[in-house]
Amino acid sequence: MISAGIDIGSRTVKIAVAENGRIIYSRKMMNSFNPVETCREILSEIEYETLTATGYGRHLISTHYNCGVVSEIKAFAVGAHVLYDGCRTILDIGGQDTKAISIDDSGNILKFEMNDKCAAGTGRFLEVMASALGFTLDEFSASARSAVKGEQINNTCTVFAESEVISLVTKGVPRNEIALGIHKSMSSRALSLLKRVSVKNNVVFAGGVAFNSCMQSLIEADLGQDIVIPEDPQIIGAAGCALIGSIKK
């Protein structure tokens, strides 16, 4: 039985296909002003017997495909638990929200926390800050890693933080030190969420921000332990959906 999972996020749409409890295919593409058409395009490339959706657009897609829906928390818990044996904590930093999830040894959700009130501490926050400093995202991370101490960023609101960054630049503060300060500010927010769910060993870092090497190293330093970075951190939710769909079938 072939089960597909789709995660419709604010920035990207991800799909995964499971067969006999194993992920055999995955793909992602940028979302657009027409998420239904984006989903139609990405789903047209695969064959499946059942479809399960998660993410911001899950209910919209369910009305067009008559498919099952699950929460992002459930999808990420199942995906991380099945794909990474021993996982007990999940940190997902996506384009518009951040999630910290604690699970037991059977993959059941024990507790979760989310920061989805504004863009602060999300991928969108990093994009805005990188742009304010004149960096691409890759340059932003690399520049931050070259800094020594990092300039403290006091504002947590994206709009005010951008103004603060521009002010620091005009004062002649090195861009790499500002970049590191921004990453430290974001890492601190992520750590705060993780502490609320009681961090356990085998932390899986998911979501697009997990590609950021500076964030990886800062979170590991803050936690005092290594974390697991999936080969493609953005696929975990879609994989969880595919696996859930195969179980329900």
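Predicted model: local features only at pLDDT ≥ 70, side-chain atom pairs only at ≥ 80, totals over all residues.
**View 1. An open sheet of four strands.** Follow the order β8-β7-β6-β9, and you will find mixed pairing. The edge strands, β8 (109-115) and β9 (203-206), each pair on one side only. From one strand to the next, the twist averages 10°. Strands of a sheet pair through backbone hydrogen bonds, either parallel or antiparallel.

**View 2. Strands β6 and β9 side by side.** Here β6 (residues 89-93) and β9 run parallel, joined by four bridges. Look for Thr89, which stands opposite Val203 in β9.

**View 3. A helix on the sheet.** Helix α3 (residues 72-83) packs on the sheet and touches β6, β7 (98-103), β8 and β9. The direction of α3 makes about 55° with that of β7.

**View 4. The largest pocket, with a volume of about 580 Å³.** Of its 30 lining residues, the closest to the centre are Gly94, Gly95, Gly208, Val209 and Gln234. Helix α4 supplies the largest share of this lining, four residues. By class, the lining has seven nonpolar, 13 polar and ten charged residues.

**View 5. The second largest pocket, holding about 160 Å³ of space.** Residues lining this pocket include Ile23, Tyr25, Leu83, Pro230 and Ala239. Two or more lining residues come from each of β3 (22-30) and α9 (236-248). Which element gives the most to this lining? That is β3, with three residues. By class, this lining has eight nonpolar, one polar and two charged residues.

Key. Residues numbered from 1 in each chain as written. Heavy atoms only, no water. Pairing = 2+ DSSP bridges. Axes fitted to C-alpha atoms, helices over the stretch in contact; angles between N-to-C directions. Contact = heavy atoms within 4.5 Å. 1 Å grid on protein atoms, 1.4 Å probe; cavity = no way out; pocket = protein on both sides within 12 Å on 5 of 7 lines; lining within 4 Å. Points joined across faces, edges and corners; volume = space filled by probe spheres on them. Nonpolar A, V, L, I, M, F, W, Y, C, P; charged D, E, K, R; others polar.
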